[in-house]
Amino acid sequence: MPQPVLGILTLYLNENRMLEERSIYQKMTLAGAKLGLQVFVFTPADVNYKQNRIHAMFYHPETKRWTRKWTGFPSLIFDRCRIQKSYRFEQLKRFRAVYGHLTFLNRPLRNKWTVYKQLSGENRFRPFLPHTRIVESRQDIQKMLGSYPLLYLKPINGTGGRGILRIERLQKSSWLIQGRDHNRRIIKPVKVPTSALYSKLDAWHMNKNKYLIQQGIAIKLSGGRVHDYRMLVQKNRFGKWEVTGCAGRVGAPGSITSNLHGGGHATTMQSLLERWIGDEAKRTEIVKQAEEFSVDVAAYLEQSYGKLCELALDLAIDRSGRIWLLEVNPKPAREVFARAGDRATYQRAITKPLEYALWLYNQKSRRPESEAKETEPAKA
């Protein structure tokens, strides 16, 4: 049997061909070699559609350098592409359309609103979901303001805390607005009367960038910083969903989100939960419930949207111990575990997609020859 090859599909961040996760891809190359899996990295811009060839990037551990060479298509593709507002994302759409019949570890997940609607259609998930609406008019905001004292406004496709606003009722006729702009910069808190609230929000161009408005969960620690939990679930070497690990995240001073890229810091779930929930037995039950819920969500979303290999769930836990699902991330980063000092989980998070890739390759290799031919690249 030939050596299996995994192609990691990503997008350049700029015209200098900068890659966001280059160090992770280096570690995946090393881990793959130990498993007997060759790994290379490519973007849609590196594909020759006429020849079905890829000008791929290969990492060489012995020299610690990257080189390029033309190669055929890999046995499997690991899609790590995140949404961009650029022509590069249009290139990705074309690649997926032409080569969508190939063997992918994961398929694209839908936007926050579509995922919310999908999950809210299941009775077992509803208790974990903050009430959420898509903002189509002022009336959507008005209805939520009348129902909850704390609300979050989020871009439907936003990442990293960009463009998020927090609105908190101070008194009957005044509100506190704070958040981050679309460049992730912290916006200073400002108090506004209800009469000026909508004009303030109009300046946020919500018609241009689709937004959700979501019930806020009180998750400020005693020092005033917000916190939440990043639960990573991945397929294992037997093709089964399981929890890889969970880390706590604490936001930067003045931040309404806990994102590490926004200045937050990571810690272990256990140490953070001890600061929040005093009862040890209750903490144990919360962790168990959070893990079971996360695996259940991953399996359900895979049934709904197609093959997946990993998801990160951002969870809030309120003072009563109730678990809330804030967001699902289909292309999760791994550094939260390294920053929390959990090197073992960090290494597992890197290795498990490779182990799953080998399992998937072996499953594919056992198919009848006529079925296997369907995975060959189509002529563009």
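This is a predicted model: local features need pLDDT of at least 70, side-chain atom pairs count only at pLDDT 80 or more; totals for chains, interfaces and linings use all residues.
Contact is taken here to mean heavy atoms within 4.5 Å of each other.

Helix α6 spans residues 269-276, and its buried residues are Met-269, Leu-272, Leu-273 and Trp-276. Viewed down the axis of α6, these buried residues fall within an arc of 100°, so they line one face of the helix. An α-helix has 3.6 residues a turn, so residues three or four places apart point the same way. The elements that cover the buried residues of α6 include the strands β13 (227-235), β14 (241-250), β15 (265-268) and β16 (310-317), together with helix α7 (280-305).

The axes of the two helices α6 and α7 come within 10 Å and cross at roughly 130°. Angles from 65 to 115 degrees count as roughly perpendicular and those over 145 as roughly antiparallel; α6 and α7 are therefore oblique to each other. Their crossing is right-handed. On the α6 side, the residues that take part are Met-269, Gln-270, Leu-273 and Glu-274, which meet Arg-283, Ile-286 and Val-287 of α7. Met-269 and Leu-273 are among the buried residues of α6 and also belong to the set that meets α7.

Strands β13 to β17 make up an open sheet of five strands, in which the order is β15-β14-β13-β16-β17 and the pairing is antiparallel. Between β16 and β17, the antiparallel pairing extends over six bridges; Ile-317 has Ile-323 in β17 as its bridge partner. Helix α7 packs on this sheet, where it touches β13, β14, β16 and β17, and its direction makes about 140° with that of β16.

A further open sheet contains six strands in the order β7-β12-β8-β9-β10-β11, again with antiparallel pairing. Its edge strands are β7 (132-134) and β11 (186-193), each of which pairs on one side only. Neighbouring strands in this sheet are turned by 20° against each other on average, direction ignored. Within the sheet, strand β9 (residues 165-171) and strand β10 (residues 174-180) run antiparallel and are joined by six bridges. One of the paired positions is Gln-171, whose bridge partner in β10 is Ser-174. Helix α3 (residues 112-120) packs on the sheet, touching β7, β8 (150-155) and β12 (211-215), and the direction of α3 makes about 135° with that of β7.

The buried residues of α4 are Asp-140, Ile-141, Met-144 and Leu-145. These residues cover an arc of only 130° around the axis, which puts them on the same side of α4. What covers them includes strands β7, β8, β9, β10 and β12 as well as helix α5 (194-202).

The axes of α4 and α5 come within 12 Å and cross at roughly 130°. That angle makes α4 oblique to α5, and the crossing is right-handed. The residues of α4 involved are Arg-138, Ile-141, Gln-142 and Leu-145, which meet Leu-197, Tyr-198, Ser-199, Leu-201 and Asp-202 in α5.

Glu-335 is found in helix α8 (residues 335-339) and is partly exposed, with a relative accessible area of 22%. When residues up to four places away in sequence are not counted, Glu-335 touches Leu-260, His-261 and Tyr-346. The C-alpha atoms of Glu-335 and Ala-203 are separated by 34 Å, the two residues being 132 residues apart along the chain. Arg-348 lies in helix α9 (residues 343-365) and is likewise partly exposed, with a relative accessible area of 39%. Apart from its neighbours within four places in sequence, Arg-348 is in contact with Gln-234 and Thr-244. The C-alpha atoms of Arg-348 and Arg-334, 14 residues apart along the chain, are separated by 9.7 Å.

Terms used:
Residues are numbered from 1 along each chain as its sequence is written. Side-chain values use heavy atoms; hydrogens and water are left out. Buried means under 20% relative accessible area, exposed over 50%, partly exposed in between (1.4 Å probe, protein chains only). Helices (H or I, at least four residues) and strands (E, at least two) are DSSP runs, numbered from the N terminus. The arc is that of the directions from the helix axis to the C-beta atoms. Two strands pair if DSSP finds at least two bridges between them. Axes are lines fitted to C-alpha atoms, for helices over the stretch in contact, and angles run from 0 to 180 degrees between N-to-C directions. Angles under 35 degrees count as roughly parallel, over 145 as roughly antiparallel, 65 to 115 as roughly perpendicular and the rest as oblique. A crossing is left-handed if the near helix is turned anticlockwise from the far one by less than a right angle, and right-handed if clockwise.
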